[in-house]
Amino acid sequence: MLDRRHAIRLVLAAAALSAGWLLPPAAALAQQSFQRFIPFLVDLPGWTGKKPDGLAMEIPGSSMITATREYENGAARLSAAIITGPAAQGALAVTKSGIKVETSDGRMGTSTIDGLQVSRAYTISNKSGAILVALSDSAMFSLSFNGVAEDEALALARKFNWKAIQAALPK
């Protein structure tokens, strides 16, 4: 079965091939590699973390880096990601909106935590949601979760050193 991470890579690779994009030389990839972000995808107490993975892609005028790690704790699941480039820019639009919504089944809102803009979405019925942390205009940390209470998810997200990740971003 194809998991979400591999499906995303497949779609990106197919788009690159169909557009005729060429990947840059190995030296250029090494400078922008996802490997620099792997140390920030830390072990979480009580959770089993899978092996971190990532992708670095550059096309003329744009580049994207993702580093991801999946975690399990019984039936609960987390997915942590550091994303740079156009995908992050699009996802971060909500952090700039100042939106706040609450319904009987969930809530969504933005706030400032440790000087960074943070968007949170939570669905009450299945204890799932996502936390997006704006690290720059085109970089973010994301924690998506399922089977985890909202406050616990935020506490887990804060175990990742957002400021250190921010400092490691390409200049």
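Tutor: The questions below concern charged pairs and the packing of a helix. This is a predicted model, in which local features need pLDDT of at least 70, side-chain atom pairs count only at pLDDT 80 or more, and totals for chains, interfaces and linings use all residues. Residues are numbered from 1 along each chain as its sequence is written, and side-chain values use heavy atoms, with hydrogens and water left out.

Student: How many salt bridges does a search of the whole structure find?

Tutor: A salt bridge is a side-chain nitrogen of Lys or Arg within 4 Å of a carboxyl oxygen of Asp or Glu. K50, E72 and R77 are linked in a network of such bridges. For the whole structure, the search gives a total of five.

Student: Which residue forms a salt bridge with D43, and is that partner buried or exposed?

Tutor: The closest N and O atoms of D43 and R69 are 2.8 Å apart. Buried means under 20% relative accessible area, exposed over 50% and partly exposed in between (1.4 Å probe, protein chains only). D43 is exposed at 62%.

Student: Which residue meets R107 in a salt bridge?

Tutor: R107 is partly exposed, with a relative accessible area of 31%. The N to O distance is 2.7 Å, and the partner is E150.

Student: Which residues of helix α4 are buried?

Tutor: Helices (H or I, at least four residues) are DSSP runs, numbered from the N terminus, and α4 comprises residues 150-157. The buried residues are E150, A153, L154, L156 and A157.

Terms used:
Helix = DSSP H or I, 4+ residues; strand = E, 2+ residues; numbered from the N terminus.
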